[in-house]
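Have the viewer open while you read.

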Amino acid sequence: MTAPSAPARAARRAAPRRALPPDAVRRGALALVALGALGVLALWWADTPRVAGAADWLTGAGRITGLLAGYAAPVLLLLMARIPLLEREVGADRLARWHAYGGRYLVALVTVHVLTVIWGYALTDGQGLWGQTVEMVFHFPDMLKATAATLLLLGTGAVSARAARRRLGYETWYYLHLATYLAVALGFAHQLSTGAELAGGPARAAWYPLYFGTAAVLAWYRLLRPYLRDRRHRLEVAEVRAEGPGVVSVFLTGRHLDELRAEPGQFFRLQFVTPQLRWAANPYSLSAPPHPRFLRFTVKDLGSHSAALARLAPGTKVRAEGPYGAFTARRLHGGGAPVLLLGAGVGVTPLRALAETLPGRVTLVQRARRAEDVLFRRELAAVAERRGVRVHELLGGRAEVGELGAALGRLVPGLARHEVYLCGPEEFAADAVRALRAAGVRASRIHHESFAL
Ligand SMILES: Cc1cc2nc3c(=O)[nH]c(=O)nc-3n(C[C@H](O)[C@H](O)[C@H](O)COP(=O)(O)OP(=O)(O)OC[C@H]3O[C@@H](n4cnc5c(N)ncnc54)[C@H](O)[C@@H]3O)c2cc1C
C-alpha cells in the first residue's frame, strides 16, 4: 500500500468552495448563545415586577442563576454533540475549550443558585437555613432529583479540575464525566415545577425543545449516526507500518470511503475492536489525503492506546467517529497569501496531508530534535517535487536552533505575509505563536490544532 497517488482529485476536495467567511460560524454560534442568555434574563425581568428587601434580592439572584444554569446545561452538551457544522467550522479543540470554560461557569451558577435560593426562602419564611434546606429538598416537587443532579454536577466539576484530572487516566475521567448527562436529565423537572418563570407561556414552550432537542441531537450525532456509518463503511485495519522511532502508520480500509467526505487536516476518533482497546476512542489525524480505498493515520506511542496500535493485526475491526476538525483548507483567508505549515513531533501528521492538497504557495517546516525523528521525509520530498511545496527541516536542540522566530525568518522569506497552520507539542506551539506574532503574522492568520483536548 502506498501513499495516495491522486493529488489532483484530493486537491479539489481539499479546497472546498466556501459559502461563508472564515469564523462566521464561530461568531454566529457565540452570538446565538449570548442571545439565548439575554432571552433568559428577559424572562426573569418580565416575571419580576419589583425587588424589595434582602429576601427578594437573594431569591432574585437564585432565580437568575437558576435560569442561566438551566439554559447553560443543554448548551454545553450541544457543544459536545459532534454537530458537523460546528466540528468543521469551529473545531473540536475550540469547542472542547468552550465546553470546559462553560462547565466552570455552570458549576459556579449552580452553587450560587442553591445558596441564594435557600437563603432567600429562609428569610421570607423566617426559618433557619438547615430547616429551609430540609423543607425544600424533601417537600418541594422534584427536588430530590435536583439535589442528586447538583451533587453529580459538583462531583464531575471536582474530577474535571486540572489537578484531579491529571491523576486520572483519560478513559476514567471520560466515563466519570458522562455523569453530567444524568445530572442534566435529573435537573430538568424541578425547573418546570418550581421555576416561577417557566410555569407557563412561551418560556415553558421554549424549554421543552431546548432540552428534548438537545437529547435528540445527542442521540443522533453521538450514537445513531456513528452506528449507521460503522455498518456502512465496515472499517478494518489493512496494514500497520513503522515510520520512525515509536511511530507507526495505520492504514484502514473499508467500503464507500469517499462518502465520508473527509478533508486533509481532519481527524477521526478511532476505536479498535480488541479486548484492550474497545473502550477507548482516541483522536488521530489523517496523515495523508483520504483515498477512495484507504485512510492513513500516523501515531506516536505516547501512552497505552497509541503504543498498542503498533501491535494491531490486519483485519481488526475499527469504529470511527468523524471526520472532525476545522484544521482544513476551509480556514484559509485566501487572497493569495502564501501558506506556512509548521509542525513538530507527531504534530506533522495533519500538515503532511495538507501539504499535498492546499492551493497556492506552500512551505512546510518540520521541527525535530534529531534527524531520525523527522517524519515522512521521502514522501515530503516527492510532494515538493510534484507540487512545488518548499520543505525544510529545523533540526537540533534549542541551543543549536536558537530563537524560533529568527530561524523561521531565515527559512521563510516574507514570514509576516504568511497564513500559518501550526501543530505540535503544547510548549512548541506556544513558543511558535509568540515567534510568529513577533514576526508580524496576524493572530487571525495562525491556525493552531491542539492534540490536547
Ligand atoms: C484532534 C487531535 C488529533 C490528534 N492526532 C494525532 C495523530 O495524528 N497522531 C498521534 O500520534 N496523536 C494524535 N493525537 C494525540 C493522541 O490522541 C493522543 O496521543 C493519544 O490519544 C494518547 O492516548 P494514550 O492512551 O496513548 O495515552 P494516555 O497517556 O492515555 O493519554 C495521554 C493524553 O492524551 C490525551 N488523550 C488520551 N485519550 C484521549 C481521547 N480519547 N480523546 C482525547 N484526548 C485523549 C489526553 O490529553 C491524555 O492526557 C491527536 C489528538 C487530538 C486531540
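This is a predicted model: local features need pLDDT of at least 70, side-chain atom pairs count only at pLDDT 80 or more; totals for chains, interfaces and linings use all residues.

1. The chain is split into domain 1 (24–228), domain 2 (234–324) and domain 3 (329–449).

2. Take a look at how domain 1 and domain 2 meet. Their C-alpha centres lie 36 Å apart. On the domain 1 side 7 residues are in contact, and they touch 9 residues of domain 2. Between them the two domains bury about 740 Å², with 49% of that on carbon and sulfur atoms.

3. As for handedness, H3 crosses H5 in a left-handed way.

4. Next up is H7 (residues 143–160), which packs against H10 at an angle of about 150°, the axes being 8 Å apart. That angle makes H7 roughly antiparallel to H10, and the crossing of the pair is left-handed. From H7, the contact uses Met143, Lys145, Ala146, Ala148, Ala149, Leu152, Leu153 and Thr156. H10 answers with Ala179, Thr180, Leu182, Ala183, Leu186, Gly187, Ala189 and His190. Sorted by class, the contact of H7 with H10 has 11 nonpolar, 4 polar and 1 charged residues.

5. H10 (residues 179–194) also packs with H11 (residues 201–233), at an angle of about 165° and with the axes 11 Å apart. H10 and H11 are therefore roughly antiparallel to each other. Which residues of H10 and H11 make the contact? On H10 they are Tyr181, Val184, Phe188, Gln191 and Leu192. On H11 they are Arg204, Trp207, Tyr208, Tyr211, Phe212, Leu218 and Arg222. By class, the contact of H10 with H11 comes to 9 nonpolar, 1 polar and 2 charged residues. H10 and H11 cross in a left-handed sense.

6. Two backbone details deserve a click. Arg82 has a positive phi of about 60°, although Arg82 is not a glycine.

7. Is the bond that joins Gly322 and Pro323 cis or trans? The Gly322–Pro323 bond is cis, with omega at about 0°. Pro323 sits in strand E6 (residues 318–324), and domain 2 is assigned as 234–324.

8. One contact of H10 is with H7, through residues including Leu182 and Leu186 of H10. Another is with H11, through residues including Val184 and Phe188 of H10.

Notes
Residues are numbered from 1 along each chain as its sequence is written. Side-chain values use heavy atoms; hydrogens and water are left out. Axes are lines fitted to C-alpha atoms, for helices over the stretch in contact, and angles run from 0 to 180 degrees between N-to-C directions. Helices (H or I, at least four residues) and strands (E, at least two) are DSSP runs, numbered from the N terminus. Angles under 35 degrees count as roughly parallel, over 145 as roughly antiparallel, 65 to 115 as roughly perpendicular and the rest as oblique. A crossing is left-handed if the near helix is turned anticlockwise from the far one by less than a right angle, and right-handed if clockwise. Contact means heavy atoms within 4.5 Å. Ala, Val, Leu, Ile, Met, Phe, Trp, Tyr, Cys and Pro count as nonpolar, Asp, Glu, Lys and Arg as charged, and the others, Gly among them, as polar. Domain bounds come from an automatic or database domain assignment. Buried area is the accessible area (1.4 Å probe) that two parts lose on being put together, summed over both.
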